[in-house]
Structures are given as C-alpha cells and as structure tokens.
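User: I'm new to this structure and would like a close look at a single part of it. Could you pick a spot and walk me through what surrounds it?

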Amino acid sequence: MTTRDDLALANRLADAAGAAIRPFFRARYDTEIKADKSPVTEADRAAEAAIRAILEQERPGDGIIGEEYGSVREDAERVWILDPIDGTRSFIAGRPIFGTLIALTQAGWPTIGIIDQPIARERWAGMSGQPTTFNGKPVRTRACKALEGAGIATTSPHLFGEGDVPHYMALVAAVSGGSPRQGPVYGGDCYNYGLLASGFLDIVIESGLQSYDFAALVPVVEGAGGLMCDWNGEPLTAESEGHVLALGDPARLEDVLEALGSAPEHHHHDH
C-alpha cells in the first residue's frame, strides 16, 4: 500500500529535480530535438537523473518509467513514472509554467501524483484517499454551474490531431458563448491541472498525452474533488490513447461530453 513514507519520498524526488532544474532556467544550455520532434534540454536530463539516483537507492525493487532514460523493472507491482520537465517549450521560452511530474502507480493505478513548479516553488501533491495539497495546505476545485463562461485551458490548439479539432472547437463554442473573452487560456501543460485543482480553472482538455504526462495528474485532480477521464468519459488507463479531460466540477461531465460530440470512433478501444 501507498504510505506516508512514499509521499515523503515523492516530495524528496521533487526537491532533487527542482535543484537540478533551477540553475538552467533562463540560462544557457544545450537543447536537442528528439525523434518525435519534441525538444529536450540538459535540464530535463539532469532532473531525471537526480530522481532516478534516489529511487535506485531507496526503492531498488520498484520499477521506473521516465521520459528521458527509458524503463527499468516496468512489470513491478509498484512503478514510478517521471516527466522531469513537462512543458519543455515553456521552459525554453523562460516561462515558469512548466512542471516536474512524479507518479507512483500500483498495479497500474496512480496512487501518488506530484506537480512541482520549481521556479515559483509551487507544489501540488495528491495521494489516494487524501485531500490534495498545495504547498502543504489542502485545496479544492470550484463549482461550475454552467458550461458557458467556464474557465477552459489547453496547452496549444496546434497539438490536436485533425480529427480532434472539430470536437475541441465545439467545446470552445459552448464555453465561450460566442465571446473570445470567455475562450481558452493557452500554454501551461501540467500547470493547468494544478490550477484546476486549486479552483482557478474548470476544464482542461488535451490530446496526444503519454502515460507519463497524465499519471501524476490523476491523484492531484481527483484528490481535490475533480474528475479525469478520456473524451468518451472513460477512466484513464495505461492503454488510454491520450485524449484527456479534467473537470473541476464532475457535475459538468455530461455537458462537456455532449458539447464535444462523442469523440471520433477510432479513439474508442474496448480493453
């Protein structure tokens, strides 16, 4: 079972990642473009290496899946899932809205999640059965009475596949009621899910996320009273295709799914 010790360790991992990242922020460093065309920097690698060194020492039997250094013991009962810098493009642009994501999954289910912003020193921590905390104090999502006027965020409209765009635009239309002033907030990656957990956003919608992008988000959002699912309203699993919805107020789920128009058929797989 997940214990307070695991949560304490997760916080220690986030501390180590932040210490590795801070010297690189708005400084000079090397950047490479990976095969999938996403950027990676020395900071991503330094942060993940710092986390992995602690895990190998403290939890040698646990699996680790990391964005930069691959997988070890991924069939273990307990697996740590790491994304050292979620929002590398924000990091490179000097915007302090990226985050380090750390999740502990047990039998495939995320039981601990941390979203850490090491520049602002802001940390959301979620753990199964416990209220989500922000810098140690409990936070809650806010009520959202209607879809129109809801606070909605996504990292970038350019990240949606062609088949996703009409669904996304239909949701934006329902939320904005025709006014761009009620339209989406752009940028933010994982930071948006923390803001939703704290009650500053109502809906976050994205596609193309990998398991290391969303595993840590689930305990944070759900521990604050929110809901995470795919675009069909199904729970997120390791098999999910990366179409992610986070709602601060679960009462709006049917409205959101209706506005999206059920996501394209090929996104729905029966497992």
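**A close look around Thr100**

Setting aside the neighbours within four places in sequence, Thr100 is in contact with Ala17, Ile21, Ile51, Asp83, Pro84, Ile114, Ile115 and Asp116. Keep in mind that this is a predicted model.

As for where that is, Thr100 sits in strand 6, which covers residues 99-106. Is Thr100 buried or exposed? Its relative accessibility is 0%, and buried means under 20%, so Thr100 counts as buried.

Asp116 has a salt bridge of its own, with Arg123, and the closest N and O atoms are 2.7 Å apart. Asp116 has 4% relative accessibility, so it counts as buried. Arg123 comes in at 16%, so it counts as buried too. There is also a network elsewhere in the list of salt bridges: Asp6, Arg59, Asp62 and Arg78 are joined into one by bridges that share partners.

That brings us to salt bridges in general here.

Take Glu32 and Arg45, whose side chains meet in a salt bridge at 3.0 Å, N to O. Glu32 belongs to strand 1 (residues 31-33) and Arg45 to helix 2 (residues 42-58), so this pair ties together parts that are 13 residues apart in sequence. With a relative accessibility of 44%, Glu32 counts as partly exposed. Arg45 is partly exposed as well, its relative accessible area being 26%.

Helix 2 turns up again in the other pair. Arg73 forms a salt bridge with Glu56, with 3.1 Å between the closest N and O atoms. Arg73 lies in the loop between strand 4 (70-72) and strand 5 (78-86), while Glu56 is in helix 2, so the two tie together parts that are 17 residues apart in sequence. Arg73 counts as partly exposed, at 34% relative accessibility. Glu56 is also partly exposed, with a relative accessible area of 34%.

Note on methods. Residues numbered from 1 in each chain as written. Predicted model: local features only at pLDDT ≥ 70, side-chain atom pairs only at ≥ 80, totals over all residues. Heavy atoms only, no water. Helix = DSSP H or I, 4+ residues; strand = E, 2+ residues; numbered from the N terminus. Buried < 20%, exposed > 50% of the residue type's maximum accessible area, 1.4 Å probe, protein only. Contact = heavy atoms within 4.5 Å. Salt bridge = Lys/Arg side-chain N within 4 Å of Asp/Glu carboxyl O.
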